[in-house]
Amino acid sequence: MSGVGIVHYTKNDEPGTLVAEWCHSEYGNGTGVATGGPAKGFEGHYRIIYYDDQGNLQAERELDIKKSGAQYQVSWLNNGDVSAIGIGIETSVGLSVGYRD
């Protein structure tokens, strides 16, 4: 299995901020922080920084989350180009997204 992962986003106390926990088939696992989003809900455009499990910078991306019915369509952009796409669902504790590079 190559180029697939899952990420779980939760709201932070700071409005417009998400905290991420992620796992990827090639890059292991880690955390992240997304900023610049809406005060309520998950839908919006963010700037996100991901770290590996040692706290080292893994990636910086733009994160675009769009709601479509009960599901969320998610894309990650690197210098304006889509680098990954995913689909997610809101749970009682956050937003869970499966994705592929």
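**View A. Ser-75 stands opposite Ile-85 in β7.** The model is predicted: local features need pLDDT of at least 70, side-chain atom pairs count only at pLDDT 80 or more, and totals for chains, interfaces and linings use all residues. Residues are numbered from 1 along each chain as its sequence is written, and side-chain values use heavy atoms, with hydrogens and water left out. β6 and β7 pair in the antiparallel sense over 8 bridges. Pairing here requires at least two DSSP bridges between two strands. Strands are DSSP runs of E, at least two residues long, numbered from the N terminus; helices are runs of H or I of at least four. The two strands form a hairpin with 2 residues between them.

View B. Asn-79 lies in the loop between β6 and β7. Its phi is positive, about 55 degrees, although Asn-79 is not a glycine. At 73% relative accessibility, Asn-79 counts as exposed. The accessibility classes are buried (under 20% relative accessible area), exposed (over 50%) and partly exposed (in between), with a 1.4 Å probe and protein chains only.

**View C. The hairpin of β7 and β8.** 2 residues join β7 to β8 in a hairpin. Pairing is antiparallel, over 7 bridges. Glu-90 has Leu-95 in β8 as its bridge partner.

View D. β2 and β3 form a hairpin with 3 residues between them. They pair in the antiparallel sense over 7 bridges. Leu-18 has Ala-34 in β3 as its bridge partner. Ala-34 in turn has Ile-48 in β4 as a bridge partner. β3 and β4 pair over 6 bridges, again in the antiparallel sense. Here Thr-35 is bridged to Arg-47 in β4.

**View E. The closed barrel.** The barrel has 8 strands and runs β1-β2-β3-β4-β5-β6-β7-β8, with antiparallel pairing. Neighbouring strands of this sheet are turned by 30 degrees against each other on average, direction ignored.

**View F. Phe-42 and Tyr-72.** The structure holds 2 aromatic pairs. In this one the ring centres of Phe-42 and Tyr-72 are 6.4 Å apart and the planes stand at 85 degrees, so the pair is edge-to-face. The pair links distant parts of the chain, 30 residues apart: Phe-42 is in the loop between β3 (28-35) and β4 (44-52), and Tyr-72 is in strand β6 (residues 71-78). Rings of Phe, Tyr and Trp (its six-membered ring) pair if their centres lie within 6.5 Å; planes under 30 degrees apart are stacked, over 60 edge-to-face, the rest tilted. Phe-42 is buried, with a relative accessible area of 6%. Tyr-72 is buried too, at 3%.

**View G. Trp-76 and Tyr-99.** The ring centres of Trp-76 and Tyr-99 are 5.1 Å apart and the planes stand at 50 degrees, so the pair is tilted. Trp-76 lies in strand β6 and Tyr-99 in strand β8 (residues 94-100), so the pair ties together parts that are 23 residues apart in sequence. Trp-76 counts as buried at 4% relative accessibility. Tyr-99 counts as buried at 14%.

**View H. Lys-11 over Phe-42.** The charged end of Lys-11 sits over the ring of Phe-42, 5.5 Å from the ring centre. The criterion is NZ of Lys or CZ of Arg within 6 Å of the ring centre and within 35 degrees of the ring normal.

**View I. The largest pocket.** Its volume is about 330 Å³. It is lined by 14 residues, and the closest to its centre are Tyr-27, Ala-59, Arg-61, Tyr-99 and Asp-101. A pocket is an open set of points on a 1 Å grid over the protein atoms alone where a 1.4 Å probe fits, with protein on both sides within 12 Å along at least five of seven lines; lining residues have an atom within 4 Å of a point. Points are joined across faces, edges and corners, and the volume is the space filled by probe spheres set on them. β1 (4-11), β2 (18-24), β5 (57-68) and β7 (81-91) each supply at least two lining residues. β5 gives the most, with 3 residues.

View J. At 46% relative accessibility, Asp-101 counts as partly exposed. The C-alpha atoms of Asp-101 and Val-82 are separated by 8.9 Å, with the two residues 19 apart along the chain.

Key. Axes fitted to C-alpha atoms, helices over the stretch in contact; angles between N-to-C directions.
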